[in-house]
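Please look over the sequence and the model below before reading on, and keep both at hand while you follow the text.

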Amino acid sequence: MNNRQPYLGVSLAPIAGVTDRATRRISRELGCGMTYSELISAKGLQMGGRGSLNMLSHCADEHPMGIQVFGKDAESLGEAAKMATDMGPDEINLNLGCPAKKVVSHGSGVAATKDPVKLARIIRAMRANTDLPLTIKFRTGMNRSELNYLEVGRIAQEEGADAVILHARTRVMGFEGIADWRWIRDLVDALHVPVIGNGDVVDGPSAVRMVRETGCHGVMIARASYGNPWIFREVEAALRNGTVLPPPSYDERVEVLLRHIRYAVEDLGEHRGVLEMRKQTGWYLKGIPGVRELRVVTNRQEKMEDVLDTIRTWRERARQHPKYESDDPGDIAA
């Protein structure tokens with residue numbers, strides 16, 4: 001009997017260039033039950049690449065945490081699974097869904113699902129090199145005429161994966177269009193391992209609808225979390241007992257942003273941390289009066305205290321706006 005227990009609640013999707021250590025920390029503080037690393041190259045780990053090893057080392061002493069790796073051959077992915085396991089995470093995840101051209105052109109990401117025999121060897125090698133829960137994240141296929149998600153799911157199950165995560169879009173769809181949750185429901189019906197749904201969960205009600213319509217065992221959130229880590233506590237409350245939580249106040253949004261900036265600098269150093277947080281500032285403060293003016297200034301600043309002081313000063317001015325605490329942030333003209 002398999003005693004490995006994959007996490008089946010509300011999780012933060014692994015997102016290249018977004019889900020760094022600071023973002024994962026903030027997400028967990030606001031209710032996220034499981035976070036994942038950015039995708040890490042298996043070949044990079046095998047070859048001792050500095051960038052890949054640094055990404056892996058940034059996952060140390062972090063819980064609950066899953067490390068996601070990507071690649072195209074069993075040897076490097078098996079070794080990557082072992083190296084990732086040695087870091088002590090709570091889960092190992094294989095990326096079979098990245099649609100980026102630079103990943104797909106090398107046979108990784110969603111392209112790694114095109115050869116069933118090779119895919120089976122990859123998952124078998126990873127299973128042999130970790131005792132942790134092993135999960136697979138994938139899309140439904142390259143396009144609508146090449147849907148292979150049921151086959152990929154069965155291979156993952158047969159080779160020892162403990163759960164699968166389906167992003168209900170094809171590679172061609174990228175992140176556009178509407179995720180087709182019927183594909184998640186079909187996968188739930190076809191497998192006996194848990195299925196986690198991903199795609200178009202943007203708030204508590206949509207998470208409840210996904211679970212109700214598909215029977216999935218958990219939900220994963222990606223773009224809807226950008227500048228909105230409160231979505232995790234919102235979804236958790238909605239799934240647990242139907243509670244509808246109020247949105248965060250503008251003041252809370254600013255306070256969490258300031259904390260996020262400090263975490264980023266603490267982890268990455270001042271120069272890189274400030275640079276990485278520029279996009280986050282826009283996401284956190286979207287809709288608040290004067291945010292465009294603020295971003296012009298902070299995008300030129302390189303010192304953390306300068307950025308923090310600028311945001312605090314801007315907040316004091318923004319508080320004078322009659323709609324600063326509007327129930328409809330989109331109603332505020334920046």
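Predicted model: local features only at pLDDT ≥ 70, side-chain atom pairs only at ≥ 80, totals over all residues.

Residues are numbered from 1 along each chain as its sequence is written, and side-chain values use heavy atoms, with hydrogens and water left out.

In helix 4 (residues 74-86), Ser76, Leu77, Gly78, Ala80, Ala81 and Ala84 are buried, where buried means under 20% relative accessible area, exposed over 50% and partly exposed in between, with a 1.4 Å probe and protein chains only. Among the elements that cover these residues are helix 2 (42-46), strand 4 (65-70) and helix 6 (116-128), contact meaning heavy atoms within 4.5 Å.

The loop between helix 3 and strand 4 holds aspartate 61, whose phi is positive, near 55°, and which is exposed at a relative accessible area of 69%. Proline 64 is found in the loop between helix 3 and strand 4 as well, and a cis peptide bond with an omega of about -10° joins histidine 63 to proline 64. Most residues other than glycine have a negative phi, and most peptide bonds are trans.

Helix 8 (residues 181-190) and helix 9 (residues 204-214) pack at an angle of about 45°, with their axes 8 Å apart. Trp181, Ile184, Arg185 and Val188 in helix 8 meet residues of helix 9 including Met210 and Glu213; the residues of this contact divide into four nonpolar, two polar and three charged.

Notes: Axes fitted to C-alpha atoms, helices over the stretch in contact; angles between N-to-C directions. Nonpolar A, V, L, I, M, F, W, Y, C, P; charged D, E, K, R; others polar.
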